[in-house]
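Colleague: I'm new to this one. Can you walk me through it?

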Amino acid sequence: MEIRQIVRDIKQGKIAPVYVFYGTEQYIVDETVRLIEERVLDEASRDFNYSVYDLCETPVQTVLQDAETFPFMGEKRVVRASHALFLTGSKLPAGAPEHDMDVLSTYVGNPPDYSVLILEVAQDKLDERKKVVKALKKDSVMVECAPLKEAALADWVVRQAKRYRVGMDAVAAELLIAMSGAHLRQLDKEIEKMAVYVGEGEEITEHIVETLATRELEHDIFRLIDKIARLQIEEAMRMYYDLQRLNTGSSETRGEGEPLKILTLLARQFRILLQIKTLQPRGYSQQQMASLLGIHPYVAKLASEQAHAFSEQALKRIIHRLAEEDIRIKTGQVDKVLALELFILGLKDIMHTS
């Protein structure tokens, strides 16, 4: 069942006795669980009827005993348990308790109507070969909480803006994603901030996003590489100096422009470009490349566009040069600020060396 249908059901009061949330987008988990709590619990009895467990510390049978306990001063109770690694192929950490899967399977087959059991695991997939997973698929609501894909992410930003009673078009949404990253919690904070600024009924424009959005350093690295790809070396140098000025800002931003951090991010991004350059001819989709490289699909899209500007050999030379500069900086052979300046100034020659 899709998450939007699950949310609609919850809002209509159709609450299942058992939910399994799996995936790495924690914002979706937290927001959906919050909706369940709002529909099931009242404030007067919440403290008595809401429990949270970590299954790396507490055996599942203890959690189920709590779920089978009648609610106190209320109609229902909610029992939330994280790190349900026993539902995946991952190994349990050292010191984890023994979990009785037969007890869980029995519970799922006949759960009490006065409890809502929520199991969570931040893994992309469950091990569907396991008996308990089969039982949960049959008798619970399985909620996949994966990072949103490119188009869905922009649509989500637009819908989230409407929740704050402001307008926002797809172009402004994509700009916000590019500037602030693809994590829903961060995007929600940015939208809320801009909604307060423009006021109810107004529009969050591209100009507002450019002015107010919190930029990730990775976004500036993307922009820097774009300048490099176009051999706009003077503009690339100006951007580098702008990043350096972040180093003299407040205590919250100080260090963001640290040359070694910039060098590390440049090397990481060029490695991604090289990997994409080798995967594209083999027919991999952006979604598949994102999964293989451990990056968000939107980042994979931007990287795919950038990769066209570089030959495979040029990318290898750039990565090698960055590794050399890293060694020279760390061994005291060259000043870290000067090293990156010389790297950027020498890129034209690096890219066109035969």
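Modeller: Here is a quick tour, starting with the whole chain.

Modeller: Keep in mind that this is a predicted model.

Colleague: Fine. How many helices and strands are there in the chain?

Modeller: The chain has 18 helices and five strands.

Colleague: What box do the C-alpha atoms fill?

Modeller: Roughly 70 × 50 × 40 Å, taken along the principal axes.

Colleague: And what share of the residues counts as buried?

Modeller: Of the 354 residues, 48% are buried.

Colleague: What about contacts along the chain?

Modeller: Take the contacts between residues at least 6 apart in sequence. Of these, 74% join residues at least 24 apart.

Colleague: Let's go inside. Which residues touch the most other members in the largest nonpolar core?

Modeller: That core has 48 residues, and the ones touching the most other members are Y19, F21, I36, V157, L176, I204 and V209.

Colleague: Which element gives the most to this core?

Modeller: Helix α2 does, with seven residues.

Colleague: You mentioned α2. How do α2 and α9 cross?

Modeller: Helix α2 covers residues 26-40 and helix α9 covers residues 184-198; their axes come within 8 Å and cross at roughly 70°. The two helices are therefore roughly perpendicular to each other.

Colleague: Which residues meet there?

Modeller: From α2, Q26, Y27, I28 and D30; from α9, L184, R185 and D188. By class, that contact has three nonpolar, one polar and three charged residues.

Colleague: Stay on α2 a moment. What about R39?

Modeller: R39 lies in helix α2. R39 counts as partly exposed, because its relative accessibility is 38%.

Colleague: What does R39 touch?

Modeller: Setting aside neighbours within four places in sequence, R39 is in contact with I10, K11 and I15.

Colleague: New topic: α5. Which residues are buried there?

Modeller: Helix α5 runs over residues 101-109, and L104, S105, Y107 and V108 are buried in it.

Colleague: Why do they count as being on the same side of α5?

Modeller: Because they cover an arc of only 160° around the axis.

Colleague: And which exposed residues are on the face turned away?

Modeller: D102 and T106.

Colleague: What do the buried residues of α5 pack against?

Modeller: Strand β1 (18-22), helix α4 (60-67), strand β4 (115-121) and helix α6 (131-139).

Colleague: Is S115 buried or exposed?

Modeller: S115 counts as buried, because its relative accessibility is 1%.

Colleague: What does S115 touch?

Modeller: P17, A67, T69, R77 and Y107, not counting residues up to four places away in sequence. S115 and K76 are 39 residues apart in sequence, yet their C-alpha atoms are 5.4 Å apart in space.

Colleague: Which residues does E341 touch?

Modeller: M237, Y240 and Y241, again not counting residues up to four places away in sequence.

Colleague: Last topic: backbone angles. What should I expect for phi?

Modeller: Most residues other than glycine have a negative phi.

Colleague: What about H83?

Modeller: H83 has a positive phi, near 60°, and is not a glycine. H83 lies in the loop between β3 (77-82) and α5. Its relative accessible area is 39%, so H83 is partly exposed.

Colleague: And R165?

Modeller: R165 also has a positive phi, about 65°, although it is not a glycine. R165 is found in the loop between α7 (150-163) and α8 (170-180). R165 is exposed, with a relative accessible area of 56%.

Colleague: Thanks, that gets me started.

Technical notes:
Residues numbered from 1 in each chain as written. Predicted model: local features only at pLDDT ≥ 70, side-chain atom pairs only at ≥ 80, totals over all residues. Heavy atoms only, no water. Axes fitted to C-alpha atoms, helices over the stretch in contact; angles between N-to-C directions. Helix = DSSP H or I, 4+ residues; strand = E, 2+ residues; numbered from the N terminus. Parallel < 35°, antiparallel > 145°, perpendicular 65-115°, else oblique. Contact = heavy atoms within 4.5 Å. Nonpolar A, V, L, I, M, F, W, Y, C, P; charged D, E, K, R; others polar. Core = buried A, V, L, I, M, F, W, Y, C linked by side-chain atoms within 4.5 Å. Buried < 20%, exposed > 50% of the residue type's maximum accessible area, 1.4 Å probe, protein only. Arc of directions from axis to C-beta.
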